Structures are given as C-alpha cells and as structure tokens.
Amino acid sequence: MSPAPQNKPNLLHALRLRCPHCGKTPLLKSGSFIEFGVGCQPCNYNYERELGYFSGASWMMNYAFASIMAMLAGGYMVWKHSEAGDLIVAGIPALFGGVTAFLFIPWGRSLWMWIDHTLHPLTEADQLNP
Ligand SMILES: [Zn+2]
C-alpha cells in the first residue's frame with residue numbers, strides 16, 4: 001500500500017466534509033449525518049487515529065461554536081426583544097445553541113481532524129492498510 005499522504009491538509013476540503021488531503025473521499029458514512037467512514041482509501045489512513053479521537057471535537061469545536069452562537073442569539077434577544085420575559089429571552093438562545101451544536105457535529109469533527117493533521121502529520125501508524 002501507499003504511504004500516508006505527505007501533502008498539507010486543506011481547510012477547504014475539510015469544510016466540504018471531504019478528506020482534508022485529497023478532497024475526494026467523503027468523510028461521512030453514506031446515509032449518515034454524524035458518523036464518519038473508516039478512512040480514506042486513496043490516501044490510505046484511518047479517520048479515527050486513536051480510540052475516542054473525535055471526543056475532543058465535541059467539546060473544543062462544537063461547544064465553543066454553539067456557545068458563541070447562543071451568546072449572539074442572547075444578545076439579539078436582549079437588544080430586540082427584552083420585553084418578552086426572562087424565560088423567553090434566555091430560553092430561545094439556549095435552544096438555538098443546542099440545535100446549533102447538533103447541526104455543527106460533522107463540521108466540528110472535520111475541523112478537528114484538519115487541525116490535528118496540520119499539527120500532527122500522519123505517520124505509518126495511521127495507515128488504513130499497513
Ligand atoms: Zn484522501
């Protein structure tokens with residue numbers, strides 16, 4: 001099998017939910033909104049480099065993004081709809097943040113992978129078919 005890809009991971013490929021190296025292989029398993037495939041065959045590497053690899057994506061990417069979106073929604077509610085009552089003013093941003101966190105899952109994982117591959121290039125140990 002070919003060695004792990006040596007080209008730099010591309011952010012645009014990651015944002016399109018494609019392999020950050022070749023940009024051809026979809027990251028998501030066919031028919032799934034959240035679950036990633038096993039790896040990229042042409043580039044020959046596993047998406048999940050170690051057990052629990054994407055756990056950090058949930059907290060460091062999704063939580064941060066959803067928190068920012070909820071704070072923006074909260075600011076908007078206080079600015080434009082402060083007369084609506086405390087429960088509405090606080091509840092709508094909280095709900096918005098939760099929905100945003102769920103919808104952002106694939107991009108959070110993809111960006112996590114892009115950052116990891118940029119900081120820690122693939123090695124022989126990451127090969128799909130050694
Ligand atoms: Zn690839």
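Is asparagine 44 buried, exposed or partly exposed, and how many other C-beta atoms lie within 10 Å? Select asparagine 44 in this predicted model and look in the loop between β1 and β2 (45–46), which is where the residue sits. Asparagine 44 has 19 other C-beta atoms within 10 Å and is therefore partly exposed, since a residue counts as buried at 20 or more. While it is selected, check the backbone torsion as well: asparagine 44 is not a glycine, yet its phi is positive, at about 60°. Most residues other than glycine have a negative phi.

Next, move to leucine 17, in the loop between α1 (11–15) and β1 (39–40). Here too the residue is other than glycine and phi is positive, with a value near 60°. With 15 other C-beta atoms within 10 Å, leucine 17 is partly exposed.

Now select residues 55–81, which form helix α2, a run of 27 residues. From its first C-alpha to its last, α2 reaches 36 Å, close to the 39 Å expected at 1.5 Å a residue. Centre the view on asparagine 62, where α2 bends by about 30°, and note that asparagine 62 is also among the buried residues of the helix, together with Ala57, Met61, Ala66 and Ala70.

Staying on α2, select tyrosine 76, which belongs to this helix and is partly exposed, with 14 other C-beta atoms within 10 Å. A distance drawn from the C-alpha of tyrosine 76 to that of alanine 64 spans 18 Å in space, for a separation of 12 residues in sequence.

Two packed helices are described by the angle between their axes and the distance between the axes. The crossing is right-handed.

Finally, display the residues through which the two helices meet: on the α2 side they are Gly56, Ala57, Ser58, Met61, Asn62 and Phe65, and on the α4 side Ile105, Gly108, Arg109, Leu111 and Trp112.

Notes. Residues numbered from 1 in each chain as written. Predicted model: local features only at pLDDT ≥ 70, side-chain atom pairs only at ≥ 80, totals over all residues. Helix = DSSP H or I, 4+ residues; strand = E, 2+ residues; numbered from the N terminus. Expected span 1.5 Å × (residues − 1). Bend = angle between axes of the 7 residues up to and from the residue. Buried ≥ 20, exposed ≤ 12 C-beta atoms within 10 Å, placed from the backbone. Left-handed = near helix turned anticlockwise from the far one by under 90°. Contact = placed C-beta atoms within 7 Å.
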